[in-house]
Amino acid sequence: MTTRWSMRALVMVLVLGLQTLACDRSPPPAPAPTGSTGVTSAQAGETGTVRASGSSALQPLVNAAKEQFEARNKGISVEVSAGGSRKGLADVAAGAVQIGDSDIFAPDDLKAQLVDHKIAAVGFAAMANKGVGEKVAALSLEDLGRVFSGAVTNWKEVGGDPLPVVVINRAPGSGTRAVFGNIVLGGDRFVESQTEDNSGALVAKLKQTRGAISYLALSFADPDLRVLSLRTDAGVVEPTSANIASGAYPIWSYEHMYTKGQPTPAARAFLDYMTGADFQEHALPAVKGFIPITQMKVSRDRD
């Protein structure tokens, strides 16, 4: 009798176990996302301060990313300052900041210790005070070279009003100056002139100075300035994102964010956010003047 009841109990236990397994059909827990879509390691408890310095052309994009990143990652603060690409490269190489923002590739003497994180592409254009005359809407690369080298001294020489040309340069440490000079002049062959240390101050000076002209990233294009297109054998080429991405408009550069070796965890979280699909596909195109790397149909490996 005891054996018969023991067998019945064993059978009932097995039946109940099978029923439990049959009812538990819930899927296993989903793995944590690994892509960079705005969810970063900072949300797992990362804290700290990320300091970035350098390019004033890149600053509007980094500031836009900073606001959105800090809203999602309460433990990390991002501090951004300008000063020029060469300052950013020097600062990050010296360990003064975690990220060096630059419009130019790192020079040979720093390449071995710095890691390049390409964030975007940006175009540059000659921009002038509107007093130069409405007829000056486009200049050829040759004419731009003559203006910025000092060979052209009056706007009437290139179809404008009879007005002296006032060239305002960026300071020698500027990546904007390096990019524009390499493409338009074949190097730093600018006429000696007054200079401005950052793009924001340069915009203000151009508005105030009749006959003035300089060069700026398209992120600083202003409706109160004349943004010049390029005159080519095929016609006038405007400095649009589409023309830059296709290579039709040649005055552009990558925007680099350099780290000294591998980035710190906090800097890595910020860089992952900026290179992630969410920022690249949605936030970046909304910031004036910048083009996602993935949209570029041409590439460069040097300035």
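The following questions and answers go through a predicted model of one protein chain.

Biologist: How many helices and strands are there in the protein chain?

Modeller: The protein chain has 303 residues, and 47% of them count as buried. Among its contacts between residues at least 6 apart in sequence, 76% join residues at least 24 apart. As for helices and strands, the chain has ten helices and 13 strands.

Biologist: Which strands do the buried residues of α7 pack against?

Modeller: Helix α7 covers residues 199–208, and its buried residues are Ser199, Leu202, Val203 and Leu206. Seen down the helix axis, these buried residues fall within an arc of 105 degrees, so they line one face of α7. An α-helix has 3.6 residues a turn, so residues three or four places apart point the same way. The strands that the buried residues of α7 pack against are β4, β6, β7, β8 and β9.

Biologist: Is the pair of Phe148 and Phe190 stacked or edge-to-face?

Modeller: The structure holds ten aromatic pairs. In the pair of Phe148 and Phe190, the ring centres are 6.2 Å apart. Planes over 60 degrees apart count as edge-to-face. The planes here are at 85 degrees, so the pair is edge-to-face.

Biologist: How many residues apart in sequence are the parts that Phe148 and Phe190 tie together?

Modeller: Both Phe148 and Phe190 are buried. Phe148 lies in helix α5, and Phe190 lies in the loop between α6 and β7. The pair therefore ties together parts whose separation in sequence is 42 residues.

Biologist: Does Tyr249 count as buried or exposed?

Modeller: Tyr249 lies in the loop between α8 and β12. Buried means under 20% relative accessible area. The relative accessibility of Tyr249 is 1%, so Tyr249 counts as buried.

Biologist: Which backbone oxygen does the side chain of Tyr249 reach?

Modeller: Leaving out residues up to four places away in sequence, Tyr249 touches several residues, including Phe124, Ala125, Leu230 and Val237. Val237 is twelve residues from Tyr249 along the chain, and their C-alpha atoms are separated by 6.5 Å. At 2.6 Å, the side chain of Tyr249 reaches the backbone oxygen of Phe124.

How values were computed: Residues are numbered from 1 along each chain as its sequence is written. This is a predicted model: local features need pLDDT of at least 70, side-chain atom pairs count only at pLDDT 80 or more; totals for chains, interfaces and linings use all residues. Side-chain values use heavy atoms; hydrogens and water are left out. Buried means under 20% relative accessible area, exposed over 50%, partly exposed in between (1.4 Å probe, protein chains only). Helices (H or I, at least four residues) and strands (E, at least two) are DSSP runs, numbered from the N terminus. The arc is that of the directions from the helix axis to the C-beta atoms. Contact means heavy atoms within 4.5 Å. Rings of Phe, Tyr and Trp (its six-membered ring) pair if their centres lie within 6.5 Å; planes under 30 degrees apart count as stacked, over 60 as edge-to-face and the rest as tilted. A polar contact is a pair of N or O atoms within 3.5 Å; within protein, one must be able to donate a hydrogen and the other to accept it, and residues adjacent in sequence count only if both atoms are side-chain atoms.
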